[in-house]
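Subject: Structure for your review

Dear colleague,

Please find below the structure that I am handing over to you.

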Amino acid sequence: MADSINTSKQYLPDGLGPDDLLDMYRTMVLSRTLDERVWLLNRQGKAAIAASAQGHEAAQIATVRALDPSQDHFLIYYRQFTVMLGLGTTPVELLSGFLAKEGEPMSAARQFPLHGAHPRVDLFSFSNVVATQLPHAVGVALADKMRNSTAVTTVFFGDGAASQGDTHEAMNFAGVHRLPVIFLCENNRYAISVPLHKQMPVDSVASRASAYGFPGVSIDGTDMLGVYEAVSAAAARARAGDGPTLVEVNVERLLPHTTDDDHTRYRPEDDIAGMKLRDPLEITRDMLVSRGLLTLEQDAALRSAALKTVNEATDTVDAMPYPTVDTMYDHLFAEGGAR
Amino acid sequence: MAEILFREAIKRGLAEALDNDPNVFIMGEDIGEYGGAYAVTDGFLKQYGPKRVIDTPISEAAFLGAGIGAAAGGLRPIVEFMSISFSLVAFDQIVNMAANLRYMSGGQISVPMLMRAPTGAGVQLGATHSQSFETWLADVPGMRCVCPSTPYDALGLIRTALKENNPVMFAEPALLYAMRGEVPDEYYEVPFGSANIQRAGDDVTLVSYGAGMRVLAAAADELAAKGVSAEVIDLRSLNPVDYDTLLTSIEKTNRALLLDTSRRKGGAMAEIASDLHERAMEWLDGPVVRIGAEDVPWPYNRGLEQEVYPQSSDVLAGLQKHYGI
């Protein structure tokens, strides 16, 4: 039983009811199940590469729920199954991206999984060169500000991306123009194999916000409700015209960097053992059980429902065709004049 | 028909877009109060206000990346680099991001962003201000790359660029900002991918773009004095390239020379020469001759810089060597 959150309280943040908590947990379970499936598909030779969201799920779903997908923008990076699912992407759509099938909605099978854009949810992501999405988010927010929109743009990045020049430049630009941006750093303490203390000489990414004239908060990313509250506060600040916030969620990377990596080569044993105690699925489940919102039997049923969904999605995607080679030049240039 | 400066032609095109489309805005370094390093945006801040004329931090990756985001978000940003040499700081955002975004999103996201940058050597600004990276960007799929050589083309091309729904690099030869030329009062555009025969001739096809057209004009005069009739072609657009015009000319003249005021090694002209060898070999009486700058960083010293810079005498020497004319 994890003790990182106060499970004795029945406290709920504004905007969340008991059903919301269960629904968020359900999305986390679906994300985990799908994530595990993608790794399996990689080992079967069907998915060329995958990064995992395992360990990041609570922070991701809480962030999405604290925002308003009907107007807000989301610029994600490559580790964001739970954000995608939270924004309405279906398991079939996600799996078809990993398997590069025709009709894959993110990139028409042209780009790395979890990269591209999405026709229904307002997001785009091209983060292989890490941190490039931060200046993009600044531009999206600049466009919103110029049109007097109340939308908030949230850009997700890892602790490794925080070392890039683009991160500094984007935060500085957003600070100067007080843009409605939430810089959401998912700090899992590893940039592939390089640990945090070799990436930066300070304890937290959030501490840098002071250099850009906006607040930075560093919070436990396994605490779903804590993240929800921090992101809600950042969104309220952005909508009020008060500018950006840097929210750092401290999470665990439960799996290696990608399917091409083996983190036992560089992570100490006690670090790996410690991280397993901070699995956000277990922490959230325990919180729900302690509040009387979930029984272990209901949890088992919920997990088997997720597995059934993922099994069906896998079959569907397996049967989908690959794009034909005569489409190679499709989508290269936009046609015509004014949009 | 009025005579205006090259910089005024660009300015007119930008002002038209700002006047006609509320989604257009300009950002870059020192483009507001200062009016731009080459005075192209002089007066814009007063006229259009700080919301649409944005002085940025010295932060090329951020403002180019922000341009991408704003374009994806529905606006039509114009991003000015103080020098195309400084665009290297944002090359990741230009090449990996702006140009690839549409393809990588399966056609969902377009980036109608105009990038403008002074380009080229010859003004004694040293190695890190004098390069011509339009010649690299011409290789990149998913974006357009143009470079005018006259005020007429500058206005016509920038009008096209501001209707284009793909990223465009609009390279402005620094040597030409003060050039005068006639520009009609009536509206016109210069389409991308259309080369311009600046001077018709029968004996040799001379091809360049941007500031290189001045060198070719001098060379054509010197050739005429020798009784050689040169056809002088301005590419105007490096991506797409108007091969039809080049091939039609070479079929007539049987001789071709490409001049680049950037380094001779590599670049857009190397690609075009290679293509012409494949596509026009049967008509050519000799190799496609290439003239370009020496393979060194641009020297600051005037004498050295001029020695590195290709001259009309280099053109004549190249034709003498390879075609005996």
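Predicted model: local features only at pLDDT ≥ 70, side-chain atom pairs only at ≥ 80, totals over all residues.

The domain assignment divides chain B into domain 1, covering residues 2–183, and domain 2, covering residues 196–323. Their C-alpha centres are 26 Å apart.

The interface may be described first by its extent. On the side of domain 1 of chain B, 27 residues are in contact with 26 residues of domain 2 of chain B. The size of an interface is often expressed as the accessible area lost when the parts come together. Here, domain 1 and domain 2 of chain B bury about 2,200 Å² between them, and 51% of this lies on carbon and sulfur atoms.

As to specific interactions, one salt bridge is counted between the two domains of chain B. The side chains of Asp153(B) and Arg236(B) form a salt bridge, with an N to O distance of 2.8 Å.

On the side of domain 1 of chain B that touches domain 2, the elements giving two or more residues are helix H6 (134–137), strand E6 (144–146) and helix H7 (151–161) of chain B. Of these, E6(B) gives the most, with three residues. By class, this side of domain 1 of chain B has 15 nonpolar, nine polar and three charged residues.

Methods. Residues numbered from 1 in each chain as written. Chains lettered and ligands numbered in written order. Heavy atoms only, no water. Domains from an automatic or database assignment. Contact = heavy atoms within 4.5 Å. Buried area = accessible area lost by both parts, 1.4 Å probe. Salt bridge = Lys/Arg side-chain N within 4 Å of Asp/Glu carboxyl O. Helix = DSSP H or I, 4+ residues; strand = E, 2+ residues; numbered from the N terminus. Nonpolar A, V, L, I, M, F, W, Y, C, P; charged D, E, K, R; others polar.
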